[in-house]
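Visitor: I'd like to learn how to read a predicted model. Can we go through it together?

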Amino acid sequence: MNQCTVKLKNVKKVYEGRTLFKIDELSAYIGDKIAIIGNNGAGKSTLLKIINNDITPDSGDVMIDESFNYLPQIAEPSFIDETIDFELLSRFNVPNNKQLSGGEQTKLRIIEAISTYKMGLLLDEPTTHLDKDSIDLVIEQLEYYYGTLIFVSHDRHFINKIANKIWEVKEGKLNVFNGNYDEFLEKKELEKKTLEAKSETIQKERARLTNAASKQQAYANKMSNYNKSQAKSHNVGRLAQSKQKDTVQKNAHKKAKAIESRIEQLEEVDLPEEMRTIKFPIKQSEVIHNKFPIIAQDLSIVRGEKLLLENTSFQFPFGKTIAITGPNGAGKSSLLHEIMNNDDIEKSPKLNIITYKQMDYKIGSTESVLFYVMEASGQEEPLVRSVLDRLNFNQTELNKSVSDISGGEATRLTLALLFLKHSNVIILDEPTNFIDITTINALEDFIKGYQGMIILVSHDRAFVDNVADVIYTIEDKKLKLVKN
């Protein structure tokens with residue numbers, strides 16, 4: 001059996017009066033590559049910090065038998081020094097200077113975490129801001145890591161490539177699954193089908209017992225009516241028969257009650273709610289009949305002294321989801337900016353563009369979340385409730401003042417408004433950064449239900465594969481069509 005490196009026993013952590021998780025017993029071993037998944041605020045990063053001894057649990061024992069390198073989700077900017085593996089620095093294409101981009105900072109911090117080998121490695125959202133090639137390099141470095149790797153990630157492609165075990169933090173519990181994310185989903189689907197089969201069996205048994213109880217009750221009522229009619233007669237023989245019928249009637253009532261008791265004892269099965277795609281209608285006045293409402297001819301983009309795009313042409317079709325991919329610094333976000341602001345790009349005058357921006361979570365409004373979204377979007381309550389429910393806003397959160405919501409709640413609220421407000425084009429720049437897998441799934445569903453055009457930039461391959469109708473990549477200063 002592999003060496004145990006981490007053992008948690010009766011560990012409990014409470015935050016602001018809410019139990020994040022209560023773990024009876026949990027272990028990690030040499031060779032484990034464990035992905036921690038769960039909704040924002042579930043306690044994933046807190047669990048990593050407990051293992052790294054940065055946070056003390058409210059109760060329980062944490063036993064660590066090896067030393068760990070740790071990559072936190074948020075950290076002060078790093079600087080290159082003599083402890084860095086310069087070969088990795090070159091492979092990750094990190095320049096040797098202090099002016100590093102967000103993606104370069106992430107790469108440098110990853111290199112710092114793996115430059116000195118230890119038997120334990122903790123990573124919190126290691127793919128944030130990284131492009132496809134950089135993520136592939138991280139995967140390459142971690143695939144053959146021998147020790148215990150525990151990481152938090154919402155990147156399903158990354159999890160599939162690395163993880164051999166899943167720790168799911170959900171509703172205060174930690175559930176363990178063997179395998180990667182796809183295998184986790186398969187097991188979840190099997191659990192769902194098992195629950196559905198169990199529920200169907202119970203419903204059939206409930207129907208059978210209900211029918212049997214009704215028959216017994218009907219028989220008892222029949223005997224009761226018979227005894228009442230016999231009681232009017234003074235015939236002794238008939239009265240004796242009535243007493244026998246009375247006994248039969250009582251037995252029938254007893255059997256009916258016994259069957260009803262068995263019905264009450266039948267287990268209730270909570271089935272996962274079926275998610276239906278929400279349709280976001282476009283106002284008739286904003287319907288665009290032009291097949292290609294955004295067209296560029298020989299577009300060039302320069303930022304500072306750097307030429308990002310040179311004489312590139314494209315036409316974006318209405319009603320489609322268009323993904324723009326490419327390495328960090330290629331000009332993806334700059335292209336989005338040009339689409340919105342450059343008059344040399346031919347755009348339909350009917351375009352009503354809305355963009356995704358993570359907002360400051362201190363909005364300042366004292367209105368409830370539900371009323372605020374209804375007022376800001378102009379949509380009716382049933383649709384607003386459906387969207388917020390899909391984004392895991394419970395009734396308590398709907399009634400909370402907007403000024404009191406957390407950063408994670410504000411991000412979900414922003415996504416809700418993005419699709420609820422009237423528009424015919426939505427522009428998304430790295431929308432899956434900092435949101436959990438559940439919210440990503442909801443976002444994918446919203447995109448499929450949106451009837452206008454969506455233009456997005458993302459390094460999340462699973463996300464792009466799931467939603468994009470058309471895929472471009474920026475390569476050699478050109479926007480090249482990859483999928484149409």
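**Reading the aromatic rings**

Visitor: What is the relative accessible area of Y117?

Guide: Y117 has 48%, so it is partly exposed; buried means under 20%, exposed over 50%, and partly exposed in between (1.4 Å probe, protein chains only). Y145, at 9%, counts as buried. This is a predicted model, where local features need pLDDT of at least 70 and side-chain atom pairs 80 or more, while totals for chains, interfaces and linings use all residues. Residues are numbered from 1 along each chain, and side-chain values use heavy atoms, without hydrogens or water.

Visitor: How many aromatic pairs does the structure hold?

Guide: Ring pairs are described by the distance of the centres and the angle of the planes. Phe, Tyr and Trp rings (for Trp, the six-membered one) pair if their centres lie within 6.5 Å; planes under 30 degrees apart are stacked, over 60 edge-to-face, the rest tilted. The structure has 10 such pairs. Take Y117 and Y145: their centres are 5.3 Å apart and their planes at 40°, so this pair is tilted.

Visitor: Which parts does that pair tie together?

Guide: Y117 is in the loop between α3 (102–115) and β6 (120–124), and Y145 in the one between α4 (132–143) and β7 (148–152), so the pair joins parts 28 residues apart in sequence.

Visitor: Which residues do ring pairs link into a cluster?

Guide: That's F280, F419, F446 and Y450.

Terms used. Helix = DSSP H or I, 4+ residues; strand = E, 2+ residues; numbered from the N terminus.
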